[in-house]
Amino acid sequence: MLTGRLARGWEAVKQFVYGLTGYEFARHAVEMRHEMETVFMVVTMGDLIGIPVLPPLYSLRLLPYVVPEIATWKRHLARRKEFWEKPDYDLHGV
Amino acid sequence: MNSLLAVIIGVVTVYLAYTLYARRIDRNVIQSDPKRATPATLYMDGVDFMPTNRNILFGYHFKSIAAAGPIVGAIVAASLWGWLPSIIWLVLGVTFIGWASDYSAIVLSVRNEGNSLSAVAHRLVSPRTRRVLLLFIFFYLLLVTGAFVSIMAQVMDGQPRTHLGIVVLIAMGLLLGQMLYRWKVGLVGATVLTVGVTLVCILAGPWTEEFSKGFNAALNGMTGGAPIVTYFDPTLAGFKGAEAKIMPSLLFWALAISAFCYAGSVLPIWRMAQPVVYVGFWITALSMVLGLGGAALASFVKPEVAQFQIPAFRGWSPQLGPAGVMPLWPMLFVTIACGAISGWHALFGAVGTARQIENEADMLPVGGGSMLAEFLLGLLALLAVSVGAKGAPVGAFATGLGGFISVWGVPLQYAVSLAFAAFIVIVLVVTQLIFRVMRVTLTEWLGDVFPPCRNQHVASFLSVLLALLLVVTGTWVYLWQLFGGANQLMAALALLLVTVWLASAGKNWAFAGVPMIFMYVTTVASLLVTAYNLYFNVYQPNLAAGRTLPIIGSGLMVLISLLLVVAAAFIGIDGWRAFMRNLRRPAPAHKPAPARG
C-alpha cells in the first residue's frame with residue numbers, strides 16, 4: 001500500500017521534472033517532424049485539400065502508407081489562414 | 001518576523017486556497033467532468049492539440065509562467081511600501097484572484113474548443129475587442145522589454161562579476177541547441193556539460209571582476225568619462241530624485257542585451273531562444289530551490305541571514321521624486337503582478353496549455369496549482385529582499401538570496417554571485433522570448449496596413465528600437481508599474497471573458513466577476529497615477545533642462561499609459577454590454593457531454 005503510493009509519488013515527480021525540462025524539446029522535435037511530413041503530404045496528397053500536385057495514380061499507390069497521418073494533417077492545415085504559413089513555435093494564436 | 005514564519009505562511013496559504021476554495025469552485029461552479037471530451041482529445045493533431053499527462057503539463061505550465069515577474073515586482077514593492085503590505089497582497093491576491101484567473105482562462109479555452117482569448121473575445125464580446133487586445137498586448141510587451149533591458153543593463157554595468165557567467169550562458173545555449181538538434185546528443189549528457197560549465201563560470205565571476213571593471217573603465221574612457229545622456233531619475237537618492245547619467249559602459253550593455261534579444265527573436269527557436277532558456281532555467285531553478293530550502297532552514301542553522309532587515313511598513317504613500325505620488329492603492333496591486341495575479345498566465349494558458357489538457361479534472365491542478373506554486377516564487381523574492389536590505393533593490397535581493405544559499409555551506413561571496421546571475425539569467429531569457437512574441441504581435445497588428453512589418457527583421461528591429469528609447473528615460477520603476485498595470489488589466493480582461501461566458505452558460509459568475517471589477521478599477525487607476533507621475537516627475541524636469549531623448553522617452557510613456565486607459569475603456573464598455581446581453585438570455589438547456597474517444 002505505502003510502497004505503491006511512494007512509487008506513484010516518485011513517478012509523478014519524474015513526470016513533473018520532465019515537464020519542466022525535456023518536454024519542451026520533445027514538443028519542438030515533434031513539430032519539426034510534423035512540418036517535414038506536411039511538405040511530403042502536400043506534395044503527394046495535395047489534391048485532398050484542393051492542390052493538384054501529383055497524378056492521382058501515384059497518390060493512390062502512396063495512400064496506404066500515409067493513411068494514419070491524413071486526419072491529423074488535414075486538421076492541422078485546416079486551422080491555418082494559408083496552407084504555406086507556418087505559425088511561430090508555441091505562439092499559436094497568442 | 002523571520003524567513004521560516006514566512007515560508008510557513010506561504011505553504012498554509014497554498015494548502016487552504018487549493019482545498020477550501022479552488023476545489024469548491026471546480027466542483028460546484030465549473031463542474032469539471034472527467035468524462036467530457038477535451039479539445040486535445042477531440043482535435044488531436046499530434047502538435048498543438050495533444051493530450052498530455054497532468055504531471056508533465058503541470059511542470060510545463062509552471063515553467064512557462066514562472067519568470068522574472070514575481071521576482072522584480074516583490075523587490076520593488078518591498079522597497080516602496082515595506083514587506084507587510086507586500087506579503088498581505090501576495091497571500092490575498094493569489095487566494096482570491098490569481099489562481100481563479102489562471103484556472104478559468106484554461107477552462108474557458110477548453111470549453112470553447114481550444115480557442116485563444118482573443119478568438120473567444122471576438123465571439124463573445126465584440127470584433128473590436130480583439131483589435132484592442134492586440135494593441136494592448138503590443139504595448140504591454142514594449143513596456144516590459146523596456147523595463148527589463150533597463151534593469152539588466154544597470155545590473156551588468158554595476159556588477160562586473162556577472163559578465164563572464166552571462167556570456168558563457170549564451171555560448172552554452174548555442175552549443176546545446178547544436179548538440180541536441182544537429183549532433184543528436186542525449187539530453188542528459190548535453191545538460192550536464194552546458195549547465196555545469198555555465199555554473200562554474202558564474203561561480204568564478206568574482207575572480208574576473210577586476211578584468212570586467214577594466215573593460216567598463218575602457219569603455220567610459222572613450223568619452224573621457226563624460227556621460228552620453230543625462231536625465232532626471234526620481235528613484236535615486238533614496239527616492240528623492242537626482243541627476244543620472246548614461247555612461248558608455250551602460251549603453252554598451254543595453255546594446256549588447258538588445259543585440260542578443262534581436263538574435264533570439266529572428267533565429268530559429270531551436271538555435272538560440274529555446275536552449276538558452278533551458279540552460280538559464282537550471283541556473284535559476286538551482287538558486288531558487290537552494291534559496292527556498294535555505295529560507296526554511298536559516299532560522300536553525302544561520303539565524304543572522306533569516307531576520308527581516310527592512311521596515312514592515314513604510315507608509316501609505318511613500319515619496320518618489322519631488323512631485324511623485326505612490327499611493328498603496330492602486331500602485332501596490334500592479335507593482336506585484338505575477339506572484340499574485342498575471343494576465344500573461346491567462347494568455348498563455350488559453351493556448352499553450354488548454355490544448356493539451358487530457359481530462360477536465362486536470363484543469364485545476366495544472367492551472368490553479370501552477371499559479372499557487374508561482375506565488376511561492378514571489379514569496380521567496382520578497383523574503384530575499386526583506387532580509388538582504390543592502391543597497392539598491394536588486395542588490396538587496398541578491399544579498400538576501402545569497403544569504404539563504406550560503407546556509408547550504410556555499411561561501412557567501414560565491415552564493416551572492418550565483419544570486420546575481422540567477423536574477424539576470426531569468427530576466428534575460430524571458431526578455432528574448434518577449435521580443436519574439438512582440439515581433440509576432442506587431443506583424444499581426446500592423447502587417448496588413450504596413451507590409452514591411454511582415455518582415456521579421458523589420459518587426460524585430462522596430463521592437464528593439466522602441467524598447468531602447470524607453471531605456472534612456474532611466475525610470476525603470478515607472479516602466480515596471482506601467483507594465484504591471486497593462487498586465488493586470490489583461491488579467492482583468494481574461495476574467496471579464498470568463499464572467500461573460502459563465503453568465504451565458506447560466507452559471508454563478510461571482511468568483512470571476514468580483515475580482516475582475518476590483519482588478520479593472522485598480523489597474524485603470526494605477527495607469528492614471530503613473531501617467532501623472534511620469535508627467536510631473538520625469539517629463540517636466542527633463543523638459544526644463546532641455547534633454548531631447550529623455551523628453552521623447554518619457555513623453556512616449558505618458559502617451560502609452562493614456563492609450564492603455566482608452567483601450568481599457570473600450571474593452572470595459574464592450575464587456576459590460578456583452579455581460580448584460582448574456583445575463584438576460586435564458587440559460588441553455590443541458591446537453592449530454594460527448595463521449596471521450
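User: In which loop of chain B is the place of B:Gln31?
Analyst: In this predicted model, B:Gln31 has a phi near 55°, which is a positive value in a residue other than glycine. The place of B:Gln31 in chain B is in the loop between α1 (3-30) and α2 (39-42).

User: At what angle do α6 and α7 of chain B pack, and how are they oriented to each other?
Analyst: Helix α6 (residues 117-124) of chain B has its axis 6 Å from that of α7(B), and the angle between the two is about 150°. Since angles over 145 degrees count as roughly antiparallel, this pair falls in that class. The answer is therefore about 150°, roughly antiparallel.

User: Which residues of α6(B) make the contact with α7(B)?
Analyst: On the side of α7(B), the contact is made by B:Pro127, B:Thr129, B:Arg130 and B:Leu133. By class, the residues of this contact divide into three nonpolar, three polar and one charged. The residues on the side of α6(B) are B:Ser118, B:Ala121 and B:His122.

User: How far apart are the axes of α7(B) and α22(B)?
Analyst: Helix α7 (residues 127-158) and helix α22 (residues 548-584), both of chain B, pack at an angle of about 150°, and they are therefore roughly antiparallel to each other. The crossing in which α7(B) passes α22(B) is left-handed. Their axes are 10 Å apart.

User: How many nonpolar residues does the contact of α7(B) with α22(B) have?
Analyst: From α7(B) come B:Arg128, B:Thr129, B:Val132, B:Leu135, B:Phe136, B:Phe139 and B:Leu143, and these meet residues of α22(B) including B:Leu563, B:Leu564, B:Phe570 and B:Asp574. Sorted by class, this contact has one polar and two charged residues, and the number of nonpolar residues is eleven.

User: Which residues does B:Thr223 touch, not counting residues up to four places away in sequence?
Analyst: B:Thr223 is found in the loop between α10 (209-221) and β1 (229-233) of chain B, where it is exposed, with 12 other C-beta atoms within 10 Å. B:Gly189 lies 34 residues from B:Thr223 in sequence and 46 Å away in space, C-alpha to C-alpha. With the same exclusion in sequence, B:Thr223 touches B:Ile228 and B:Pro248.

User: Which element gives the most to the side of chain A that touches chain B?
Analyst: Chain A has three helices and zero strands, and the contact takes 25 residues from chain A and 27 residues from chain B. On the side of chain A, α1 (2-20), α2 (22-45) and α3 (56-78) each supply at least two residues, and by class that side has eleven nonpolar, nine polar and five charged residues. With eight residues, the element that gives the most is α2(A).

User: Which residues of α2(A) are buried?
Analyst: Of the 94 residues of chain A, 12% count as buried. Those in α2(A) pack against α1 and α3 of chain A together with α3 (54-65) and α13 (273-301) of chain B. The buried residues of α2(A) are A:Tyr23, A:Glu24, A:Glu31, A:Met41 and A:Met45.

Methods. Residues numbered from 1 in each chain as written. Chains lettered and ligands numbered in written order. Predicted model: local features only at pLDDT ≥ 70, side-chain atom pairs only at ≥ 80, totals over all residues. Axes fitted to C-alpha atoms, helices over the stretch in contact; angles between N-to-C directions. Helix = DSSP H or I, 4+ residues; strand = E, 2+ residues; numbered from the N terminus. Parallel < 35°, antiparallel > 145°, perpendicular 65-115°, else oblique. Left-handed = near helix turned anticlockwise from the far one by under 90°. Contact = placed C-beta atoms within 7 Å. Nonpolar A, V, L, I, M, F, W, Y, C, P; charged D, E, K, R; others polar. Buried ≥ 20, exposed ≤ 12 C-beta atoms within 10 Å, placed from the backbone.
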